[in-house]
Amino acid sequence: MTSDVSSTIDVAVVGGGPAGLIAAQRLAQAGRSVVVFEKLPTFGRKFLMAGRGGLNLTHSEDFERFAGRYGDREATLRPMLEAFTPADLIAWAEALGQETFVGASGRVFPKVMKASPLLRAWLARLEALGVSLRTRSAFAGWDDDGALLIDGPGGRETWRPRATILAMGGASWPKLGSDAAWTGLLEGQGAGVAPFQAANCGFEVSWSEIFRDRFAGEPLKNVRLTCDGRQARGDAMVAGYGLEGGAVYALGAAPRAAIARDGAAVLTIDLRPDLPAETLERRLSGARGGQSLANHLRKALKLSPVEVNLLREAHGLDLPSQPAALAAAIKAAPIRLTAARPLDRAISAAGGVVFDSLDGLALKARPDVFLAGEMLDWEAPTGGYLLQACFATGVAAAKAATLVAVR
């Protein structure tokens with residue numbers, strides 16, 4: 001049975017993650033009546049999971065470089081990022097009593113290094129603003145008259161808001177709510193949805209059994225990675241299945257594209273990006289004496305055991321003995337990536353509602369329905385870029401919905 005609950009609410013927000021909650025806050029501050037529907041028993045579960053690693057809110061780098069992290073979607077997202085900048089996100093957190101700091105890598109974190117105090121303060125602020133927060137309430141589309149359908153604890157409900165914001169997440173971490181169950185409902189409204197793919201994920205490598213067993217979990221510090229014309233600098237981690245870590249994630253879609261095109265991607269690792277090949281050659285030209293090659297590399301270049309053995313995985317067990325050739329091998333160790341890790345193991349997802357289906361952030365078929373967050377077809381590396389775009393699109397959706405929901 002369907003009950004008609006309300007015909008007077010200004011804006012319904014569907015999704016209780018960062019994009020939806022910041023939209024609700026902005027709407028309430030603009031004097032609009034707002035209800036937020038979250039299908040899980042609590043709000044912000046993915047936000048809390050992100051906080052387990054310290055809650056990287058945003059990044060302090062130059063804005064032009066920051067905006068470039070969004071790749072092909074830079075031009076689309078730039079106006080929204082300019083309207084809600086990293087400085088704005090920091091100010092928002094501090095207004096909720098959470099001081100921030102900039103880490104050595106330029107990433108911005110709350111000083112408490114947790115998400116839970118920030119989320120508690122945020123939900124309390126929303127309640128103080130009069131926002132109605134409803135859990136166990138799932139999006140079920142629209143009825144034939146265009147009313148919003150919500151499956152709540154007491155059954156199906158019909159809501160008639162003046163505007164609706166959908167911020168239900170993408171398809172990564174489905175256990176935390178982002179399961180893309182909305183895809184068919186939006187396609188039924190004429191929205192184009194690009195297939196979801198794993199982003200910010202590891203890639204599979206056919207390591208030798210000895211290397212995998214000995215070095216799984218070992219870091220590769222300060223390396224330069226190159227794949228399909230894209231470069232990234234930072235740390236990576238050897239995993240039993242292959243490679244993961246920030247530098248791998250920063251390559252963006254390049255490895256996926258190469259695997260889709262060629263069946264595999266060649267990832268070239270520069271183990272000493274701060275040293276030119278000539279310097280490596282000079283240091284390797286010293287007398288080796290009776291040292292093993294591994295000891296010679298350790299003493300001359302401080303290569304760790306995992307780095308030495310990675311060279312053997314890349315170039316074969318018999319590494320070059322000539323200094324120039326060995327230096328070249330260290331500067332370019334090719335590793336074959338065979339597949340991305342499964343979507344449910346990814347930090348985030350590429351794909352979602354394509355911007356051609358939208359007029360701004362409004363569905364062309366339903367101009368009173370706006371989208372925000374990871375439902376949209378964009379991706380970015382870890383480092384604060386994911387949360388920043390979720391907040392920025394949520395703010396932009398709220399601004400657009402405010403104009404529609406004028407009393």
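Visitor: Why are arginine 78 and glutamate 74 separated by about one helical turn?

Guide: The two residues are four residues apart in helix α4, and arginine 78 and glutamate 74 are therefore about one helical turn from each other. The model is predicted, with local features needing pLDDT of at least 70 and side-chain atom pairs pLDDT 80 or more, while totals for chains, interfaces and linings use all residues. Residues are numbered from 1 along each chain as its sequence is written, and side-chain values use heavy atoms, without hydrogens and water.

Side chains of opposite charge can pair when their charged atoms come close. Arginine 78 and glutamate 74 form a salt bridge, with their closest N and O atoms 2.8 Å apart (a side-chain nitrogen of Lys or Arg within 4 Å of a carboxyl oxygen of Asp or Glu). Arginine 78 has 18% relative accessibility and so counts as buried, whereas glutamate 74, at 23%, counts as partly exposed (buried is under 20% relative accessible area, exposed over 50%, partly exposed in between, with a 1.4 Å probe and protein chains only).

A further salt bridge joins the side chains of arginine 134 and glutamate 157, at 2.8 Å from N to O. Arginine 134 belongs to strand β7 (residues 132-134) and glutamate 157 to strand β10 (residues 155-159), so this pair ties together parts that are 23 residues apart in sequence (helices, H or I, at least four residues, and strands, E, at least two, are DSSP runs numbered from the N terminus). Arginine 134 is partly exposed at 23% relative accessibility, and glutamate 157 is buried at 9%. To return to the opening pair, Arg78 and Glu74 belong to one network with Glu64 and Glu82, joined by salt bridges that share partners.

Across the whole structure, a search finds 22 salt bridges. One more to examine is that between the side chains of glutamate 374 and lysine 46, at 3.0 Å from N to O. Glutamate 374 is in the loop between β23 (366-371) and α15, and lysine 46 is in helix α2 (residues 45-50), so the bridge ties together parts that are 328 residues apart in sequence. Glutamate 374 counts as buried at 16% relative accessibility, and lysine 46 is buried with a relative accessible area of 16%.

The model holds 16 aromatic pairs (rings of Phe, Tyr and Trp, its six-membered ring, with centres within 6.5 Å; planes under 30 degrees apart are stacked, over 60 edge-to-face, the rest tilted). In phenylalanine 84 and phenylalanine 391, the ring centres are 6.3 Å apart and the planes lie at 5°, so the pair is stacked. Phenylalanine 84 sits in the loop between α4 (74-83) and α5 (86-95), and phenylalanine 391 in helix α15 (residues 385-404), so the contact ties together parts that are 307 residues apart in sequence. Phenylalanine 84 is buried at 2% relative accessibility, and phenylalanine 391 is buried with a relative accessible area of 0%.

Phenylalanine 391 has a further stacked partner in tryptophan 122, their ring centres being 5.6 Å apart and their planes at 15°. Tryptophan 122 is in helix α6 (residues 116-128), and its pair with phenylalanine 391 in helix α15 links distant parts of the chain, 269 residues apart. Tryptophan 122 is buried, as is phenylalanine 391. Ring pairs link these residues into a cluster made up of Phe47, Phe84, Trp92, Trp122 and Phe391.
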